[in-house]
Amino acid sequence: MGGAKRSTEPVLMCFVEQDEESSDKNEDEGSEDKEEPEEEEEEEEEELEDPKEKFEEECKESKVCSPAKHHFDECVERVTGADHGKPVDKKHPDEDCVEEFFHLAHCASTCAAPKLWNALK
């Protein structure tokens, strides 16, 4: 109960395949065999691709989100142009494009949501 702190970081455990001799010794311990199918299932799940990203990219380029994309692209051009020697907008010298980005992201998410629900059904 001293000053020792417990780590809150997750612990990764690795399972090493056993050779035939050591597996004969551990036949009574069936718990290791039960965990192998779970590992295979996790590997299969990792290979799946999230369709949300695809739908959102399509929506960003669609007519629905074209106004938001136009404003975002203009802002990026204005801000990056200031970094490359073009004159800085004196009204907004510290401008960033966070607001425009969030408008575009919201439009893409709203557009992609029905497509995503249909794909998941």
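Cys59 and Cys111 are joined by a disulfide (a pair of cysteine sulfur atoms within 2.5 Å), with their sulfurs 2.2 Å apart. The pair links distant parts of the chain: Cys59 sits in helix H3 (residues 51-60) and Cys111 in helix H5 (residues 98-120), 52 residues apart. Helices here are DSSP runs of H or I with at least four residues, strands are E runs of at least two, and both are numbered from the N terminus. The torsion about this S-S bond is -70°, a left-handed link. Both Cys59 and Cys111 are buried. Buried means under 20% relative accessible area, exposed over 50%, and partly exposed in between, with a 1.4 Å probe and protein chains only.

This is a predicted model: local features need pLDDT of at least 70, side-chain atom pairs count only at pLDDT 80 or more, and totals for chains, interfaces and linings use all residues. Residues are numbered from 1 along each chain as its sequence is written, and side-chain values use heavy atoms, leaving out hydrogens and water.

The next link runs from Cys65 to Cys107, S to S 2.1 Å. It ties the loop between H3 and helix H4 (66-83), which holds Cys65, to helix H5, which holds Cys107, 42 residues apart. The S-S torsion is about -100°, so this disulfide is left-handed. Cys65 counts as buried because its relative accessibility is 0%. Cys107 is buried too, at 16%.

Cys75 and Cys97 form another disulfide, sulfurs 2.1 Å apart. Cys75 lies in helix H4 and Cys97 in the loop between H4 and H5, 22 residues apart. Its torsion of -95° is left-handed. Cys75 and Cys97 are both buried.

The count comes to three disulfides. Number the bonded cysteines in sequence order, and the pairing reads 1-6, 2-5, 3-4.
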